[in-house]
Amino acid sequence: MKRFGRTAVKVFAHPGSFAIAVAKQFRANQGVLLAGAVAYYTLLSLIPLLILILMALSHIVPEDRLLLTLAEYLEFVVPGQSTALVDEVRKFLEHKEVVGGILLVTMLFFSALAFTILENAMSVIFYHRVKIKRRHFMVSAAMPYLFILFLGAGLLIVTVLSGVLQSIGTRSVTIFGHPHSLDQLSIVLLYLVGVAGETLLLTAIYFVMPVGRLSFRHALIGGATATVLWEVMRHLLAWYYTTMSQIQVVYGSLTTAIVVLLSVEIGALVLLIGAQVIAEYERFARETVETAERSMKLD
């Protein structure tokens with residue numbers, strides 16, 4: 001705890017130096033290239049992943065309810081294009097009876113690709129961990145499918161919470177004889193649930209993906225950093241697409257694919273920057289310990 005305190009004080013005392021160190025190391029690790037690979041495979045994995053999760057959860061929750069929740073929270077991932085993605089998923093679900101064993105295995109394979117590539121990208125950023133300890137290949141093979149289960153459970157929880165919060169929005173309270181609708185409170189709570197879920201998902205990725213035992217505190221630092229960065233970026237993207245962009249004129253029918261790819265690319269950058277923040281924080285912690293040990297020896 002004391003070491004964490006000393007490291008935090010060091011980082012907050014020199015935030016500019018820490019940010020520059022993160023940027024330099026991210027560039028040295030070719031972070032933009034890694035983000036491009038993660039974005040490409042995420043785009044391949046996104047639709048099969050959503051279909052598999054919805055097919056499983058539709059046995060518990062009505063499809064319409066799931067699709068509505070998915071559309072709301074996909075805005076956190078692909079601002080402005082969630083409706084188009086959900087429409088594609090809905091079309092497939094209308095004919096889900098044609099899904100055979102081979103197609104199911106194929107979708108499982110492509111759903112896991114993004115997690116596999118992300119693990120490889122993390123191994124570059126956390127090279128100091130890989131150098132000390134390597135992960136068993138069976139663990140790496142199982143991890144993507146465990147994350148799919150985790151995402152399915154998360155969507156189920158969020159769907160239930162969204163239903164409760166939306167029902168609250170239809171009610172009103174009376175204060176000093178004047179009725180006040182709770183719809184604005186419901187909207188705020190839905191947004192907070194989305195942000196909390198986003199932070200939890202990112203923290204889980206940082207906690208599990210790097211080789212070796214990463215402290216939850218460090219994972220939470222990366223998760224909070226990536227959440228703040230992505231919230232800023234997605235609002236900027238939404239503003240750009242709705243006010244300034246001429247992307248529909250340039251790309252025509254390919255607009256949705258290009259916008260989704262751009263959003264996922266920026267999301268991958270933010271995700272890997274969060275990982276780099278953790279890696280640099282660990283380096284600062286090691287330097288702090290080494291400095292303290294040298295001081296004790298000199299004394």
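Arg90 is partly exposed, with a relative accessible area of 32%, where partly exposed lies between buried, under 20% relative accessible area, and exposed, over 50% (1.4 Å probe, protein chains only). The model is predicted, so local features need pLDDT of at least 70 and side-chain atom pairs count only at pLDDT 80 or more, while totals for chains, interfaces and linings use all residues. Residues are numbered from 1 along each chain as its sequence is written, and side-chain values use heavy atoms, with hydrogens and water left out.

The partner of Arg90 is Asp87, and the closest N and O atoms of this salt bridge are 3.0 Å apart; a salt bridge here is a side-chain nitrogen of Lys or Arg within 4 Å of a carboxyl oxygen of Asp or Glu. Asp87 is likewise partly exposed, at 32% relative accessible area. Both residues belong to helix H5 (residues 82–93), where they are 3 residues apart, about one turn of the helix; helices are DSSP runs of H or I with at least four residues, numbered from the N terminus.

The structure holds 3 salt bridges, and another of them joins the side chains of Arg283 and Glu280 at 2.9 Å, N to O. Because Arg283 and Glu280 are 3 residues apart in helix H12, about one helical turn separates them. Arg283 counts as partly exposed at 26% relative accessibility, whereas Glu280 is buried at 4%. Leaving out residues up to four places away in sequence, Glu280 touches Phe18, Ala21, Val22 and Gln25, contact being heavy atoms within 4.5 Å.

In helix H10, Arg234 and Glu231 lie 3 residues apart, about one turn of the helix, and their side chains meet in a salt bridge of 2.9 Å, N to O. Arg234 counts as buried at 9% relative accessibility, and Glu231 is buried as well, with a relative accessible area of 8%.

Glu198, in helix H9 (residues 183–208), is buried yet has no salt bridge, and the nearest side chain of opposite charge, that of Arg234, is 5.0 Å away; for charge, Lys and Arg count as positive and Asp and Glu as negative, with His and the chain ends not counted. The contacts of Glu198, apart from residues up to four places away in sequence, are Phe76, Thr227, Trp230 and Glu231.

The elements that give two or more residues to the lining are helices H3 (31–57), H4 (63–74), H6 (101–125), H8 (137–169), H9, H10 (216–243) and H12. H9 gives the most, with 9 residues. By residue type, the lining divides into 33 nonpolar, 7 polar and 1 charged, with Ala, Val, Leu, Ile, Met, Phe, Trp, Tyr, Cys and Pro counted as nonpolar, Asp, Glu, Lys and Arg as charged, and the others, Gly among them, as polar.
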